[in-house]
Amino acid sequence: MSAIRQSMESRHKLSSEARKELEALAAMPDSEIDTSDIPEIREFPSDAVVGRFYRPKKTTVTIRLDADVVAWLKASGEGYQTRINAYLRELMYRLRPQRRVNSAAEVGRVRQRLTRHTKRARR
């Protein structure tokens with residue numbers, strides 16, 4: 001089911017005219033949709049973050065960790081499982097072959113998170 005069709009079904013307050021227009025758009029191939037009235041993005045804002053809204057699928061796992069490691073992670077505040085994930089992701093990026101697209105941005109994003117948590121732990 002297309003995203004347009006899902007959004008149509010989730011909103012019950014659409015007029016029949018608007019519903020018909022959305023249905024026509026959903027049936028139309030992307031190449032036929034006129035996007036000429038959308039302004040071109042010439043430069044990204046300085047605070048733009050690549051992949052900010054990407055949320056990878058999570059898998060529940062059970063692992064056994066040394067008690068002192070868990071105590072160290074919990075001592076820096078809430079979100080220790082998120083930090084474990086971030087530490088493992090950074091290690092994964094360091095050890096796997098260089099990717100062409102967005103690898104530098106993703107590693108930078110992980111480092112930003114780790115730096116923020118490290119600073120909080122030092123306080």
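Tyr 87 has 27% relative accessibility and therefore counts as partly exposed; buried means under 20% relative accessible area, exposed over 50%, and partly exposed in between, with a 1.4 Å probe and protein chains only. This is a predicted model, in which local features need pLDDT of at least 70 and side-chain atom pairs count only at pLDDT 80 or more, while totals for chains, interfaces and linings use all residues. Residues are numbered from 1 along each chain as its sequence is written, and side-chain values use heavy atoms, with hydrogens and water left out.

The structure holds one aromatic pair. Trp 72 and Tyr 87 form this pair, which is stacked, at 6.1 Å centre to centre and 25 degrees between the planes. Rings of Phe, Tyr and Trp (its six-membered ring) pair if their centres lie within 6.5 Å; planes under 30 degrees apart count as stacked, over 60 as edge-to-face and the rest as tilted. The pair links distant parts of the chain, with Trp 72 in helix α3 and Tyr 87 in helix α4, 15 residues apart. Helices here are DSSP runs of H or I, at least four residues, numbered from the N terminus. Why does Trp 72 count as exposed? Its relative accessibility is 56%.

Helix α3 covers residues 67-75 and also contains Val 69, which counts as partly exposed because its relative accessibility is 35%.

Helix α4, residues 80-95, is also the place of Glu 90. Glu 90 counts as buried because its relative accessibility is 11%.

How values were computed. Helices (H or I, at least four residues) and strands (E, at least two) are DSSP runs, numbered from the N terminus.
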